[in-house]
Amino acid sequence: MSTVIDGAATLAAPVATPLEDARAQLAEAIALLGYSDGTRQMLATPRRELTVAVPLRTDAGETRLFTGYRVQHNFSRGPAKGGLRYAPNVNLDEVRALAMWMTWKCALLDVPYGGAKGGIAIDPREHSQAELERVTRRYTSEILPIIGPERDIPAPDIGTDERTMAWIMDTYSVNSGYTVPGIVTGKPIALGGSQGRASATSRGVTHIALAALRHAGITQSQATAAVQGFGKVGADAARFLAEAGVTVQAVSDQYGAVFNAAGLDIEALGDHVQRTGAVVGFGGGEALDGAALLELDVDLLVPAAVEGVLHEGNAGRVGAKVIVEGANGPTTPDADRILRERGILVVPDILANAGGVIVSYFEWVQANQAYWWRADEVESRLEERMLSAWEHVLGYARSRDLSLRTAATALAVERVAEAHKLRGLYP
Ligand SMILES: NC(=O)C1=CN([C@@H]2O[C@H](COP(=O)(O)OP(=O)(O)OC[C@H]3O[C@@H](n4cnc5c(N)ncnc54)[C@H](OP(=O)(O)O)[C@@H]3O)[C@@H](O)[C@H]2O)C=CC1
Ligand SMILES: O=C(O)CCC(=O)C(=O)O
């Protein structure tokens, strides 16, 4: 399936790029903290970035060339950490923005990492498993000099999954001459992955969404929600929200959306997507335009797909009372301003979707110690970290009359700048 319907195509029409958005958020935090322009420049710029050519011999015997990236934004608090994205429109500026957000996320949640991100400009749907394996192994070989369990630890993001992580781990291990489970997180449990990592981002989103609904005075069992994206983050977020008693009325993917005012049967929708590859055509709801999902009159909106979907052009029409960012960078600074003026609570990505990197950290700790935790231990530690970060950001925002994003970014930037200062790297 390769057709993108018109409605979905209009979703991602931001005026600025994700990197410009990320840098604008950083500049606001720097101004609030009273830091110098030199500090802003240092934190706006990745410490290291690598662009690699990734040739592929296709199953049909042809040669194709893809471009891959790995950007390491910051190492001041520990090894760089962040996902690997396979999508046709991946580009260096996008990866730079995603790497910067990883730095803030890790600092905010106080996990001992800096930020990184990687990507290959490839549409995984157009390739067989064998081709994806060859591309992944070649990309890994190309970035091998800059990754490692103490240097930079990849994880899944859009278009990649635990199989991708297993191939990276194997390629890295073969080059090292021994098995190195700490080189990636989000790998299969049979290879040293952690209990709870696959659903960790969605669990974290759900903990934060329920806390945000309570904060907004909305009763969980009477709340309605819409979720954009039905991939690794969106599908489980929809499921956990439904399990918590929230009526999930709408879900979308890049082909369109489905709506049911009484609530979608998320399990049945999951089965439908397994069979057909898309949410469209699901019998348990009516078809809805993908862009219209963002404007539904619901209590909770969870964008869990791509950057820039809430922008100046549609923020004025958003119907939700609370937005919890499952995706990275779904809201542009212009949209942030409009949503704040309209009294809509936005819980930013670097807080809301941090569950993934928290359990990645747990996985790395377990792999390095070769000692594994039970699922309930992972999940209670995840919940504790998410909710304490939520309280921290909320308290900081309230005491200074800031948006949650500005508060979260400032708290994170302060921690990163402090680490630079203590290490003697402060300009
Ligand atoms: N995986 C993780 O642990 C983490 C992921 N994130 C972020 O969450 C977001 C989603 O990642 P993840 O779930 O892993 O990725 P997946 O590739 O598993 O899923 C992405 C989903 O988004 C959908 N999508 C893509 N474009 C659009 C669009 N324009 N409108 C509606 N839906 C769209 C895809 O649709 P289709 O299926 O039709 O392609 C798919 O359902 C990303 O921003 C990622 O960076 C954040 C923290 C951790
Ligand atoms: O688990 C990780 O290391 C990072 C996940 C990720 O890419 C993200 O949080 O955006």
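## A buried strand residue

With 21 C-beta neighbours inside 10 Å, Thr224 counts as buried. The cut-offs here: a residue is buried if 20 or more other C-beta atoms lie within 10 Å of its own, exposed if 12 or fewer, and partly exposed in between, with C-beta atoms placed from the backbone. Thr224 sits in strand β6 (residues 224-228); strands are DSSP runs of E, at least two residues, and helices are runs of H or I, at least four, both numbered from the N terminus.

Setting aside neighbours within four places in sequence, Thr224 touches Thr247, Gln249, Val298 and Asp299. Contact here is a matter of C-beta atoms, placed from the backbone, lying within 7 Å of each other. Ile168, on the other hand, is 56 residues from Thr224 in sequence and 40 Å from Thr224 in space, C-alpha to C-alpha.

## What sort of model this is

This is a predicted model: local features need pLDDT of at least 70, side-chain atom pairs count only at pLDDT 80 or more, and totals for chains, interfaces and linings use all residues. Residues are numbered from 1 along each chain as its sequence is written, while chains are lettered from A and ligands numbered from 1 in the order in which they are written.

## Overall build

The protein has 15 helices and twelve strands. Its radius of gyration is 20 Å, which agrees with the value near 22 Å that a compact globule of 427 residues would have; the radius is taken over C-alpha atoms, and the globule rule is 2.2 Å times the number of residues to the power 0.38. Along the principal axes, the C-alpha atoms fill a box of roughly 55 × 55 × 45 Å.

Of the 427 residues, 54% count as buried. Take the contacts with a separation of 6 or more: 70% of them come from residues 24 or more positions apart.

## Two domains

The protein splits into domain 1 (46-191) and domain 2 (200-352), with bounds that come from an automatic or database domain assignment. Their C-alpha centres lie 27 Å apart. Eight residues from domain 1 and six residues from domain 2 take part in the contact. On the domain 1 side, the largest share, six residues, comes from α4. By class, that side has six nonpolar, no polar and two charged residues. For the classes, Ala, Val, Leu, Ile, Met, Phe, Trp, Tyr, Cys and Pro count as nonpolar, Asp, Glu, Lys and Arg as charged, and the others, Gly among them, as polar.

## Ligand 1

The shell has 30 residues, and the closest are Gly229, Gly231, Asp253, Ala327 and Gly356. A residue makes the shell if its C-beta atom, placed from the backbone, lies within 6 Å of the ligand.

Both α8 (232-243) and β7 supply at least two residues of this shell, and α8 has the largest share, at three residues. The class tally for ligand 1 is 13 nonpolar, 14 polar and three charged residues.

## Ligand 2

Ligand 2 has 14 residues around it, of which Gly83, Ala155, Gly356, Val357 and Ser360 come nearest. The elements that give two or more residues to this shell are β3 (80-87), α4 (92-108) and α13 (355-369). Sorted by class, the shell around ligand 2 has three nonpolar, eight polar and three charged residues.

## Strand pairs

Strand β1 (residues 48-57) and strand β2 (residues 63-74) run antiparallel and are joined by ten bridges; strands pair if DSSP finds at least two bridges between them. Thr51 stands opposite Tyr69 in β2. The two strands form a hairpin with five residues between them, and Gly61 in the turn has a positive phi of about 90°.

Asp110 has a positive phi of about 55° although it is not a glycine. Asp110 is in the loop between α4 and β4 (114-121) and counts as partly exposed, with 16 C-beta neighbours inside 10 Å.

Ala370, another residue other than glycine, has a positive phi near 50°. Ala370 is in the loop between α13 and α14 (375-400), and with 9 C-beta neighbours inside 10 Å, Ala370 counts as exposed.

Conventions
Contact = placed C-beta atoms within 7 Å.
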